[in-house]
Amino acid sequence: MKLLVDMNLSPRWVGLLAHHGLEAVHRSTVGAASAPDHEILAWAREHLHVLVTHDLDFSAILAATRERSPSVLQLRWLDLQSDAVVAAVATAARAHRDAIERGALLSIDERGARIRILPLPGDARTNR
């Protein structure tokens with residue numbers, strides 16, 4: 001599993017995730033820093049990466065588009081610099097590897113991870 005660390009997380013996440021045995025790249029090294037969210041998702045899908053982000057917009061985009069990929073690990077932590085959040089991401093990624101490889105949204109917070117398999121149910125107004 002390869003991870004794409006979003007711009008809203010520090011580039012140091014790449015090294016921290018590597019320490020946990022996870023391969024990752026930071027968005028700043030593979031694309032424009034100002035790219036819109038749909039382009040970031042398209043890059044992750046095309047390059048078979050799982051997006052790690054603190055941005056809630058990605059789950060809304062997945063619901064609206066009903067896409068089956070890429071998988072997104074959505075962080076709901078306040079302190080994104082703590083070692084605990086990186087360890088939680090690594091633990092959740094390993095525990096839910098099969099679902100992530102099929103397409104999933106994992107919401108990770110201090111209590112654990114909640115998983116939703118893609119595609120997400122969209123807004124009823126957009127599914128007519």
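**Close-up views of a predicted model**

View 1. A hairpin connects strand 5 to strand 6 through 2 residues. D109 has G112 of strand 6 as its bridge partner. The model is predicted, with local features requiring pLDDT of at least 70 and side-chain atom pairs counted only at pLDDT 80 or more, while totals for chains, interfaces and linings use all residues. Residues are numbered from 1 along each chain as its sequence is written, and side-chain values use heavy atoms, with hydrogens and water left out.

View 2. Strands of a sheet pair through backbone hydrogen bonds, either parallel or antiparallel. Strand 3 (residues 49-53) and strand 4 (residues 72-75) run parallel and are joined by 3 bridges; within strand 4, Q74 stands opposite T53.

View 3. Axes are lines fitted to C-alpha atoms, for helices over the stretch in contact, and angles run from 0 to 180 degrees between N-to-C directions.

**View 4. Helix 1 against helix 4.** Helix 1 (residues 12-19) packs on helix 4 (residues 83-95) at an angle of about 55 degrees, the axes being 10 Å apart. Helix 1 is therefore oblique to helix 4 (angles under 35 degrees count as roughly parallel, over 145 as roughly antiparallel, 65 to 115 as roughly perpendicular and the rest as oblique). W13, L16 and L17 of helix 1 make the contact with V85, V86 and V89 of helix 4, where contact means heavy atoms within 4.5 Å. By class, this contact has 6 nonpolar, no polar and no charged residues; Ala, Val, Leu, Ile, Met, Phe, Trp, Tyr, Cys and Pro count as nonpolar, Asp, Glu, Lys and Arg as charged, and the others, Gly among them, as polar.

**View 5. Helix 2 against helix 3.** The axes of helix 2 (residues 37-46) and helix 3 come within 10 Å and cross at roughly 75 degrees. The two helices are therefore roughly perpendicular to each other. D37, H38, I40 and L41 of helix 2 meet D57, F58 and I61 of helix 3, a contact with 4 nonpolar, 1 polar and 2 charged residues.

**View 6. The salt bridge of R45 and E67.** The side chains of R45 and E67 form a salt bridge at 3.9 Å, N to O (a side-chain nitrogen of Lys or Arg within 4 Å of a carboxyl oxygen of Asp or Glu). R45 belongs to helix 2 and E67 to the loop between helix 3 and strand 4, 22 residues apart. The whole structure contains 4 salt bridges.

**View 7. Backbone details.** The peptide bond from S69 to P70 is cis, with omega near 0 degrees, and P70 is found in the loop between helix 3 and strand 4. The bond from L118 to P119 is also cis, with omega near 5 degrees; P119 lies in the segment after strand 6. L48, in the loop between helix 2 and strand 3, has a positive phi near 55 degrees and is a residue other than glycine.

How values were computed. Two strands pair if DSSP finds at least two bridges between them. Helices (H or I, at least four residues) and strands (E, at least two) are DSSP runs, numbered from the N terminus.
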